[in-house]
Amino acid sequence: MSGHEKIIMPGAGSGMPTPIKQSEEFQKLKGTLLKDIQRSAYVYRVDCGGCNGCEIEIFAAITPLFDAERFGIKVVASPRHADILLFTGAVTRAMRMPAIRSYEAAPDPKICVSYGACGCSGGIFHDLYCVWGGSDKIVPIDVYIPGCPPTPAATIHGFALALGLLGQKLKASHHVEGEGERAAMRHLGVPAELRVLIEREARRMAGYRMGADIADDFLGILGTKSSESLEARIQEYLTKEDDPRLSEIVASLCDISNKAMAAI
Amino acid sequence: MLKLFKTILKTGEATLKYPFAPLPVCDNFRGKPEHKPEQCIACAACAVACPANALTMSTDAEAGTITWSFFVGRCIFCGRCEEVCPTKAIVLSPEFELAVANAADMYQHATFKLAKCAQCGEYFAPKKEVEYTADLLKHAGMTTEAVESISDLLHTCTDCKRKQNVPEADKVEFTRYLKGNEA
């Protein structure tokens, strides 16, 4: 191991914290809490140096529209009242101690939740010099809620998972390339040069992601053979989508494809 | 009091039924990126584009494999991977219920085979990517025979290509300008 790695690797000797360990007794207590919770689950959110996007979504989740209080989930102002601790933010060097203090202040047993991309792993800030990269680096985490930020619905799903009301949907997967696996070519009915021209124009007019979607739809219509005329099919597509912006872009794409076809 | 009840009745219920009923999301909602490994050519365009390094590629030169990995815990759902994917193997789905209790469930992997260079015998590019290139050439107007005739060229690594581009390199007099100065 080179000296460089020694400095940045987490571990007891390197100045990086090791997560707080939970005793077996603690785990048993937590099981009892989940099974016999006869009252509301109080949530305290711990900001470990986030951008406040996650906080806004947490408060959106307790508004009347999503109303997490239907399930007895209540956001409280002190960690001493909390059953669930919600860690948001990437755990910056300055916010590590306050986060650990609020963890210690919460009564046992407590459930810890990593909230948002930063809480789960450090998110976009994962390789910053002052960032610990995820709340699981400092405290034991029971539930991870990914998202940047998670939507209020995703927040409610995460709370339900933490309280054992709903199951998790995401599963780890590992695909291994099979024999003779081959990527399918797309839009074979359209000449390659024309395809490039259309994709370029659509992306110029509608932005990269939307442009690609529009070019994809248009090339799909252009590439399929049908008894109906091309104009009629495009008109049908535009009527279905009913968007003047799309009509303008598709008109421009039609222009390009007509010119290219005339040249052939 | 009665007036208040009337107002309440007229307003109806604002609270959404979720999680007891599925929550409809809007058309362009950016949820979990859905990867179709069959369609993926392991070109790593998504890994280069990913601003949060949620998508990464790792090469195993010993085993001759390249592994695509996705860590949803780091994903910021920006859709850059969908933008750059040349085969539409990765598309953002409306899936938003991503909470997990087990951290290992946040990872997704796909392993692809590498192709060997015809000249030096080293692994140099994903097999599917080389095949896709041949398909693209065919689509661009090259005949199947013509593509087959350049099969060796397609299966040559950049290092070997560069060496081949300098024919009879040992005969080139690199010092002639220095010699000219002396004279």
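In which helix of chain A is A:Lys28 found? I looked this up to get my bearings, in what is a predicted model. A:Lys28 lies in helix H2 of chain A, which covers residues 24-35.

**Entry 1: A:Lys28**

**Entry 2**

I went on to the strands of chain A. Five strands form an open sheet with parallel pairing, and I read their order as E2-E1-E3-E4-E5. Which strands stand at the edges? They are E2 (73-75) and E5 of chain A. Each has a single partner strand, so one side of each is left without a neighbour in the sheet. Direction ignored, neighbouring strands of this sheet are turned by 30° against each other on average.

Strand E3 of chain A (residues 84-88) and strand E4 of chain A (residues 111-115) are joined in the parallel sense by five bridges. Within this pair, A:Thr88 has A:Tyr115 in E4(A) as its bridge partner. Helix H4 of chain A, residues 93-105, packs on the sheet. I noted that H4 touches strand E1 (41-47) and E3 of chain A, and that its direction makes about 165° with that of E1(A).

**Entry 3: helices against H10 of chain A**

Next I looked up helix H10 of chain A, residues 244-263, and began with its packing against helix H7 of chain A, residues 192-206. Two packed helices are described by the angle between their axes and the distance between the axes. For H7(A) and H10(A) the angle is about 155° and the axes are 10 Å apart. That makes H7(A) roughly antiparallel to H10(A), since angles over 145 degrees count as such. The crossing of H7(A) past H10(A) is right-handed.

Which residues of H7(A) meet H10(A)? I listed A:Leu194, A:Leu197, A:Ile198, A:Glu201, A:Ala202, A:Met205 and A:Ala206. On the H10(A) side, the residues met are A:Ile249, A:Ser252, A:Leu253, A:Ile256, A:Ser257 and A:Ala260. By class, this contact of H7(A) with H10(A) has 10 nonpolar, two polar and one charged residues.

H9(A) packs with H10(A) at an angle of about 160°, with the axes 10 Å apart. H9(A) and H10(A) are therefore roughly antiparallel to each other. H9(A) passes H10(A) in a right-handed crossing. From H9(A), A:Ile234, A:Leu238 and A:Glu241 take part; they meet A:Leu246, A:Ser247, A:Val250 and A:Cys254 in H10(A). I sorted the contact of H9(A) with H10(A) into five nonpolar, one polar and one charged residues.

**Entry 4: chain A against chain B**

I turned to the contact between the chains. On one side are 48 residues of chain A, in contact with 49 residues of chain B. Which element of chain A gives the most to this side? It is H6(A), with seven residues. Other elements of chain A that each supply at least two residues include helix H5 (116-121), strand E6 (173-176) and helix H8 (208-223). By class, I have 27 nonpolar, 11 polar and 10 charged residues on the side of chain A that touches chain B.

Strand pairing also runs between the chains. E6(A) is joined by four bridges to strand E5 of chain B, residues 107-116, and the two run parallel. In E5(B), A:His174 has B:His109 as its bridge partner.

**Entry 5: the partners of E5 in chain B**

I followed E5(B) into its own chain. Strand E3 of chain B, residues 65-71, runs antiparallel to E5(B), and seven bridges join them. Opposite B:Thr67 I found B:Thr111 in E5(B). E5(B) also pairs in the antiparallel sense with strand E6 of chain B, residues 123-126, over three bridges. B:Leu114 has B:Pro126 in E6(B) as its bridge partner.

Conventions: Residues are numbered from 1 along each chain as its sequence is written. Chains are lettered from A and ligands numbered from 1 in the order in which they are written. This is a predicted model: local features need pLDDT of at least 70, side-chain atom pairs count only at pLDDT 80 or more; totals for chains, interfaces and linings use all residues. Axes are lines fitted to C-alpha atoms, for helices over the stretch in contact, and angles run from 0 to 180 degrees between N-to-C directions. Angles under 35 degrees count as roughly parallel, over 145 as roughly antiparallel, 65 to 115 as roughly perpendicular and the rest as oblique. A crossing is left-handed if the near helix is turned anticlockwise from the far one by less than a right angle, and right-handed if clockwise. Two residues are in contact if their C-beta atoms, placed from the backbone, lie within 7 Å. Ala, Val, Leu, Ile, Met, Phe, Trp, Tyr, Cys and Pro count as nonpolar, Asp, Glu, Lys and Arg as charged, and the others, Gly among them, as polar. Two strands pair if DSSP finds at least two bridges between them.
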